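Subject: Handing over the structure

Hi there,

Here is the structure I promised to pass on to you. Please open it first, and then read my notes below.

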Amino acid sequence: MAWRLVVGPTRRVDTLLRLETEDDEPLLLAVEAQGKKDPDKPASWAYYASYLLTKYRLQPLILVVCQDRATAEWAARPVSFGPPQWPLLTLRPLVAGPHNMPVLTDPAEVRKDLALATLSAITHVRHQDIGAILKAVTTVLRDTPHPIADPIVELIAQGLGKHPAAELWRNLVAVDLSFYKSYISEEIRDEGRAEGEARRAAEDVLEVLDVRGIDVPETVRERIVSCDAPETLRRWHRRAVIAPSAEQIFSDEDEQDQ
């Protein structure tokens with residue numbers, strides 16, 4: 001089965017994939033991330049399915065991805081629309097959660113089914129082995145063709161959200177998949193360059209103060225090295241050349257804060 005991201009208006013569905021099969025007609029898979037129970041969501045999912053069928057004339061399937069079992073079991077319940085005596089339609093989304101997705105930490109298992117491995121990574125974001133799961137995925141993606149690998153990089157990045165594992169994934173992509181040109185890998189490399197420039201600029205400020213024999217209190221040093229704004233660091237660097245004390249390089253900012 002081949003799959004690719006669909007570009008175009010999708011009425012706020014999180015991710016839309018077109019699934020190509022050898023025997024049957026293509027399907028549209030609408031992927032929805034669900035973080036908690038929401039009684040209004042089933043109606044939205046029904047709307048997405050109707051809209052996608054009307055727009056693309058392909059059979060839609062709703063995949064709800066959850067990161068806790070309670071939400072997953074709630075989302076999996078069939079929901080009927082219409083009067084009780086004559087239900088108009090019944091919504092039955094496909095649901096992936098930590099209770100029904102395997103923990104894949106072996107690259108050999110990941111290679112067998114990358115789609116399953118993607119869901120494993122997203123649904124087990126809180127699992128103690130999430131690091132091993134993500135590492136197994138990047139190991140396999142190294143020799144995976146771009147049209148397949150790039151969407152997986154993006155989907156996992158979106159699915160991990162703001163969990164601590166998201167930063168781990170970004171670092172793995174930057175190191176293991178540095179040759180990919182997806183937006184997240186480019187963004188990571190840009191951030192890495194920016195962080196390197198900021199670190200060097202902070203070191204330049206401290207070096208000027210050191211050469212001049214200016215004592216640098218720990219609070220001042222921490223403020224300098226924690227700054228990630230290049231323009232601010234350049235301003236501090238210019239002031240460090242003439243300031244009578246280390247604290248004086250912040251004079252204008254501190255006065256504005258008062």
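Predicted model: local features only at pLDDT ≥ 70, side-chain atom pairs only at ≥ 80, totals over all residues.

Residues are numbered from 1 along each chain as its sequence is written, and side-chain values use heavy atoms, with hydrogens and water left out.

Salt bridges

Arginine 234 forms a salt bridge with glutamate 231, at 2.9 Å from N to O (a salt bridge is a side-chain nitrogen of Lys or Arg within 4 Å of a carboxyl oxygen of Asp or Glu). Glutamate 231 is partly exposed too, at 42% relative accessible area. Helices (H or I, at least four residues) and strands (E, at least two) are DSSP runs, numbered from the N terminus.

Which parts does the pair of arginine 111 and aspartate 143 tie together? Their side chains meet in a salt bridge of 3.9 Å, N to O. Arginine 111 belongs to helix 3 (residues 107-112), and aspartate 143 to the loop between helix 5 (130-141) and helix 6 (146-160), so the pair links parts 32 residues apart in sequence. Arginine 111 is partly exposed at 46%, whereas aspartate 143 is exposed at 55%.

Are lysine 41 and glutamate 32 buried or exposed? Lysine 41 is buried at 18% relative accessibility, and glutamate 32 is buried at 1%. Their side chains also form a salt bridge, at 3.1 Å from N to O. The whole structure has 6 salt bridges.

The chain as a whole

The protein chain contains 11 helices and 7 strands. Of its 258 residues, 42% are buried. Looking at contacts (heavy atoms within 4.5 Å) between residues at least 6 apart in sequence, 58% join residues at least 24 apart.

Pockets

A pocket here is an open set of points on a 1 Å grid over the protein atoms alone, where a 1.4 Å probe fits, with protein on both sides within 12 Å along at least five of seven lines; lining residues have an atom within 4 Å of a point.

The largest pocket holds about 720 Å³ of space. Its lining has 34 residues, with Val31, Leu63, Thr118, Leu119 and Leu155 nearest the centre. Helix 4 gives the largest share of that lining, 6 residues. Strand 2 (15-20), strand 3 (27-34), strand 4 (59-66), helix 4 (114-123) and helix 6 each supply at least two.

The second largest pocket has a volume of about 250 Å³. Among the 14 residues lining the second largest pocket, Ala46, Ala49, Pro60, Ile62 and Leu91 lie nearest its centre. Two or more lining residues come from each of helix 1 (41-56), strand 4 and strand 6 (89-91). Helix 1 gives the most, with 5 residues.

Enjoy exploring, and write back with any questions.

Best wishes

Conventions
Buried < 20%, exposed > 50% of the residue type's maximum accessible area, 1.4 Å probe, protein only. Points joined across faces, edges and corners; volume = space filled by probe spheres on them.
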